[in-house]
Amino acid sequence: NRVSKCKWSKDSKNQVPSCHSKWDWKHESKKILPDILSAVGNTPMVKLNKIPKAEGIECEIYGKCEFLNPAGSIKDRISRRCIEDAENNGSLKPGGTVIEISSGNTGASIAWTCAIKGYRCIIILPDKFSKEKESIIRALGADVVRVPLANPPDSPEGMFGKAHILYNQIPNSVIIDQFSNPANPLMHYDTTAEEIFDQCDGQIDMIVLGCGTGGTLGGISRKFKEISPQTLIIGADPYGSTYAQPDSLNETDVKFIEIEGIGYSELLPPVCDRSMVHKWYKFHDKEALTMARRLIKEEGLLIGTTSGLLVACAVKAIKEFKLGKGKKVVVLLPDGTKNYLSKFVQDQWMEQRGFMPCINTKNLWWWDI
Ligand code: PMP
């Protein structure tokens, strides 16, 4: 591996890896930023109002607006860090090519970082993921190679196999490999978790996280174990994925997941440390995507599919753990609505999948009737 020299160890529970170098992100919030890369992070934390009320929930639910990062998702945080680590350890040199496998958001963020820094970029994007994400990646000047998600990942036409073929063919290339790159969880350990802690003045009773690579889950839960061990860590996983524990939770007939970015059924990524999760919950596309539509319409939060799943999970977990007045719950809102304009944002798309009543009379104006 030309990128990572150190491991995100699962054994040393309270130890950060020895390669850990703290990124001085707090000092980057100056009036005029040197470039758009410096605008990553320090995202707003926003109180949800109508949804908790409608659900009869009395505790506070806060959404961490990661969709407001400059390239549109939580993945902006790790992209800069991974590329700068590769520059610093000499694996990425001027004129080099960056290759990454992604469900779209990391691809867009890596392509964006490469556009700013002047590297060639190739993103391996499985066919399931939205064409909006592909368009953004291409507009940033990167090449996109689509592979069938159903192909065995290590086969020549699978996502990892394809990346390695390109890596061997292209001189001066690196694979970022968010699935095993320790910079992925470390960035959340250093920035996302600390921002959440500061924004809530150190009182967080529950935090709800999903798992794609597991970088967010591993990094945030590790930091919270150190600074706020009483915080309940809740894991949210779609049916059709096998990341939840115990394994019996994952039993299902579901073969395809519409939600993009969390939940897979291949081997657990090396950066994913689930040992700090107190409880997992499973969700169907319908519950997640109807909640995503409610977040847009009722709270004005222009979020994507996983945000819907995470808020649906928060609602369920708050009720089950009986969190009442004065308690604070944080939910990540990882990406934004514009990634899905051809998908769940459209009533017709939702109706075709049985996710929405065909005619919602509440939404009709008098002249439609
Ligand atoms: N939500 C969305 C929309 C994502 O794209 C991702 C990353 N695949 C995640 C959540 C999960 O993040 P992580 O890879 O850190 O587990």
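**Exercise 1. Determine the handedness of the unit made by strand 3, helix 3 and strand 4.**

Solution. Start with the elements. Helices (H or I, at least four residues) and strands (E, at least two) are DSSP runs, numbered from the N terminus. The model is predicted: local features need pLDDT of at least 70, side-chain atom pairs count only at pLDDT 80 or more, and totals for chains, interfaces and linings use all residues. Residues are numbered from 1 along each chain as its sequence is written.

Next, apply the test. A crossover is right-handed if, with the strands pointing away from the viewer, the path from the first strand over the helix to the second runs clockwise. Strand 3, helix 3 (residues 105-117) and strand 4 form a right-handed β-α-β unit.

Then follow the chain onward.

**Exercise 2. Work out the strand order of the open four-stranded sheet, and find what packs on it.**

Solution. The order is 5-4-3-6, with parallel pairing. Strand 5 (143-147) and strand 6 (173-175) are the edges; each has a single partner strand, so one side of each lacks a neighbour in the sheet. The twist averages 20° from one strand to the next. For angles, axes are lines fitted to C-alpha atoms, for helices over the stretch in contact, and values run from 0 to 180 degrees between N-to-C directions.

Check the bridges. Strand 3 (residues 97-101) and strand 4 (residues 120-126) are joined by five. Ile-99 faces Ile-122 in strand 4. Five bridges also link strand 4 to strand 5. There, Ile-124 has Val-145 as its bridge partner.

Contact requires C-beta atoms, placed from the backbone, within 7 Å.

**Exercise 3. Decide whether strand 4 is largely enclosed or open.**

Solution. A residue is buried if 20 or more other C-beta atoms, placed from the backbone, lie within 10 Å of its own, exposed if 12 or fewer, and partly exposed in between. Six of the seven residues of strand 4 are buried, so the strand is largely enclosed by the rest of the structure.

**Exercise 4. Describe the open six-stranded sheet.**

Solution. The order is 1-2-10-7-8-9, with mixed pairing. Strand 1 (45-47) and strand 9 (279-283) are the edges, each pairing on one side only. Strand 7 (residues 206-210) runs parallel to strand 8 (residues 232-238), with five bridges. Ile-207 has Ile-233 as its bridge partner in strand 8. Helix 7 (residues 215-227) packs on the sheet, touching strand 7, strand 8 and strand 10 (328-332). Its direction makes about 160° with that of strand 7.

**Exercise 5. Locate the backbone exceptions at Asn-42, Asp-201 and Pro-246.**

Solution. Recall the background: most residues other than glycine have a negative phi, and most peptide bonds are trans. Asn-42 has a positive phi of about 50°. Asn-42 sits in the segment before strand 1. It has 15 C-beta neighbours inside 10 Å, so it counts as partly exposed. Asp-201 has a phi near 50°. Asp-201 lies in the loop between helix 6 (183-199) and strand 7. With 8 such neighbours, Asp-201 counts as exposed. Finally, the peptide bond from Gln-245 to Pro-246 is cis, with omega near 0°. Pro-246 belongs to the loop between strand 8 and strand 9.

Terms used: Pairing = 2+ DSSP bridges. Contact = placed C-beta atoms within 7 Å.
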